Amino acid sequence: MATAAIFSSLRRRRSPSLEAFLAPVDLTDVALVQTLATISAELVSKFSDKSFYFQRKNSRSLIRKIEVFLVLLDYLKDSASANLPSTALLCFKELYLLLYRSKILLDYCAKSSKLWLLLQNHSISGHFHDLNQEISTLLDVFPLNDVVELSDDVKEQIELLQRQSRRARLFIDEKDECLRIRFFGFLNVFENGKVPNSEELRSFFVGRLGIKDAKSCRVEIEFLEEQIVNHEGDVEPTVSVLNGFVALTRYCRFLLFGFEEDEVGSGIGSVRRPRKGLIMQEIAETFITIPKDFCCPISLDLMRDPVIIATGQTYERSSIARWMEEGHCSCPKTGQMLVHTRLVSNRALRNLIMQWCIAHGVPFDPPETMDVSAESFAAAAPTRAALEANRATAALLIQQLANGSQGAMTVAAREIRLLAKTGRENRAFIAEAGAIPHLRKLLLSVNPVAQENSVTAMLNLSIYDKNKSRIMDEEGCLGSIVEVLRFGHTTEARENAAATLFSLSAVHDYKKRIADEEGAVEALAGLLREGTPRGKKDAVTALFNLSTHTDNCVRMIGAGAVTALVGALGTEGVAEEAAGALALVVRQPVGAEAVGNEEMAVAGLIAMMRCGTPRGKENAVAALLELCRSGGAAATERVVKVPMLAGLLQTLLFTGTKRARRKAASLARVFQRCENAALHFGGLGVGYAFAGNSAANRDSSFAGDVSVPMSISVHVL
């Protein structure tokens with residue numbers, strides 16, 4: 001019996017329910033025969049005139065067998081006799097199953113992508129052969145001579161079908177197989193670092209496969225991409241090979257059919273699409289729940305480089321390394337002391353995470369320091385063929401960006417955006433080929449679709465660290481990104497411009513340049529105040545990064561960023577980062593003065609201490625502590641007058657995280673040195689080793705006391 005795997009590949013259709021494979025047990029003999037006759041007639045009617053591009057002989061053979069069964073069933077349906085032998089009834093129930101499986105197999109061959117059917121040529125031929133073998137078994141068991149009043153001509157047809165089924169062998173069409181081998185041959189050419197002959201590609205895709213325009217080529221690409229997302233580990237070809245075929249087909253789409261505008265010209269680019277990226281927010285927006293074991297216990301983010309420490313617990317390498325650098329000698333999760341500080345890569349878990357990401361369409365880019373070739377999940381690693389095909393495609397796209405029409409440039413920008421979604425290799429050679437200067441020009445396009453695609457392509461390219469310098473060194477590029485942030489034609493373009501600034505600001509030397517760019521901080525502050533939830537997230541993370549540079553404090557105050565950050569303290573999803581940025585701003589006297597002048601600043605931080613997340617509480621108490629240290633007596637008095645502060649500090653001292661407890665103790669010590677401390681905190685500090693409030697006792701790292709991870713992932717769009 002054919003396996004159920006054949007049906008799971010029908011990605012574009014709802015999977016059949018279990019009942020579809022079970023014969024109805026409550027039907028009478030007559031009703032069962034009538035049902036089978038109806039099903040058979042529907043199959044013959046639907047597929048007898050259908051033109052199958054592949055599996056033609058196998059499909060026609062199966063349909064002819066069903067036609068013979070229909071002759072038998074019609075005769076029995078019209079016969080006066082209603083009594084069938086028990087063996088015949090069992091055979092008819094088995095036939096019910098075979099007919100439904102035949103329908104699904106024929107549907108599969110009729111509706112699947114041509115390239116996918118070609119790649120699955122052997123497997124699908126095997127499924128046809130399995131069905132034929134089961135039909136042969138059914139006919140061998142069927143009590144033909146016991147069915148009364150069966151005409152001689154019907155018996156002859158059944159007997160002939162029986163003999164033919166016995167003689168049938170596995171059939172693989174030689175022409176189809178030659179095409180499949182030729183398809184693999186093109187991939188091998190790319191694998192060898194060469195580019196296939198364009199006329200041979202045209203002959204194959206247009207002449208032999210009938211793929212004659214850009215739209216049908218895109219359908220083929222999308223179908224293959226669906227197979228990658230839904231790939232099952234034991235199904236051939238592997239994901240890496242499929243990636244190669246997708247890259248090859250994408251190259252042919254532009255080589256053979258040019259840059260037709262198809263759906264881009266109709267304005268589909270302006271439709272908001274859910275982001276699929278590395279950041280938690282995007283995963284949440286697409287309703288994907290990350291398995292708990294795949295998240296770092298420290299950052300709560302999806303792990304990219306999981307490592308095992310001495311206690312056997314697993315953490316993200318960057319998070320646990322930062323924990324150890326801060327002087328901690330214990331396991332964050334268990335509290336056990338560490339007998340050594342060696343970090344051992346958890347390769348098994350990393351492979352599971354990679355498989356999960358592939359299955360759910362979540363891009364997975366391992367850290368650039370990781371040895372991908374040695375340690376990554378083999379199926380996820382791009383082959384040389386895929387890389388070379390993508391490189392050839394990028395060359396065509398960049399040529400259109402440079403010299404094409406407005407429509408062609410729009411299509412090229414969209415395809416570069418898609419090509420840069422995954423893989424540092426793609427991002428690297430796209431930038432190396434000179435895409436950034438042409439994308440910069442398109443940033444100021446009056447076409448909303450072109451602008452949105454170009455800024456998103458720039459964002460995706462910026463994720464690769466070496467491309468950050470290429471973008472910043474390109475004359476006028478930073479200014480153009482800020483221009484999109486300020487005056488972009490679509491909401492998504494403005495949001496992606498903010499995300500691009502966040503990505504670029506990961507490099508410390510660029511933070512001051514970004515803040516000094518005219519209108520940049522003002523636009524981020526405006527997006528934080530009035531943007532969508534996603535836009536606010538983009539803006540607050542960018543502002544947090546900018547606030548880690550000491551020279552940006554005055555600029556952020558003058559641009560209204562402090563006011564926007566204070567207002568964001570009550571906004572779910574951005575409050576933690578807003579409090580973290582304020583904690584950095586108030587470390588300077590001018591920043592403390594600005595925050596102190598904000599009427600709702602202290603109240604907002606107190607509210608976060610009361611109702612915020614553990615990380616939010618850490619940042620809030622850190623901000624209040626720095627406000628008292630840098631804001632002088634007036635700021636300290638304003639904080640001290642908050643009635644509920646004493647209780648909140650006591651709660652944090654006993655239930656907060658380790659960092660929150662340390663900050664709460666330091667804040668209590670500051671108040672103890674004030675003449676009014678006894679009225680509010682009498683005896684609170686007894687028994688605690690409070691940290692001093694001198695500048696010498698502060699961490700040397702400017703952002704060291706703020707609990708917002710500096711490695712916030714960047715969107716991939």
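I take helices and strands here as DSSP runs, a helix having at least four residues and a strand at least two, numbered from the N terminus. On that basis I count 36 helices and three strands in the protein, which is a predicted model.

**Whole chain.** I looked up burial next and found that buried residues make up 54% of the 717 residues in the protein. The accessible surface comes to about 31100 Å², and carbon and sulfur atoms account for 52% of that area. For contacts between residues at least 6 apart in sequence, I noted that 73% join residues at least 24 apart.

**Helix α6.** I then checked the length of α6, which runs over residues 121–141: its 21 residues should span 30 Å at 1.5 Å a residue, and since the C-alpha atoms at its ends are 31 Å apart, the two values agree. Going along α6 for burial, I listed N121, I124, S125, H127, F128, L131, N132, E134, I135, S136, L138 and L139 as its buried residues.

**Helices α8 and α9.** I turned to the packing of α8 (residues 174–191) with α9 (residues 198–208), where the angle is about 140° and the axes lie 11 Å apart. The crossing of α8 past α9 is left-handed. Which residues meet there? From α8 I recorded L179, R182, F183 and F186, and across from them, in α9, E200, L201, S203, F204, F205 and R208. Sorted by class, this contact of α8 with α9 holds six nonpolar residues, three charged ones and one polar one.

Methods: Residues numbered from 1 in each chain as written. Predicted model: local features only at pLDDT ≥ 70, side-chain atom pairs only at ≥ 80, totals over all residues. Heavy atoms only, no water. Expected span 1.5 Å × (residues − 1). Buried < 20%, exposed > 50% of the residue type's maximum accessible area, 1.4 Å probe, protein only. Axes fitted to C-alpha atoms, helices over the stretch in contact; angles between N-to-C directions. Left-handed = near helix turned anticlockwise from the far one by under 90°. Contact = heavy atoms within 4.5 Å. Nonpolar A, V, L, I, M, F, W, Y, C, P; charged D, E, K, R; others polar. Areas by Shrake-Rupley, 256 points an atom, 1.4 Å probe, with all protein chains shown as cover.
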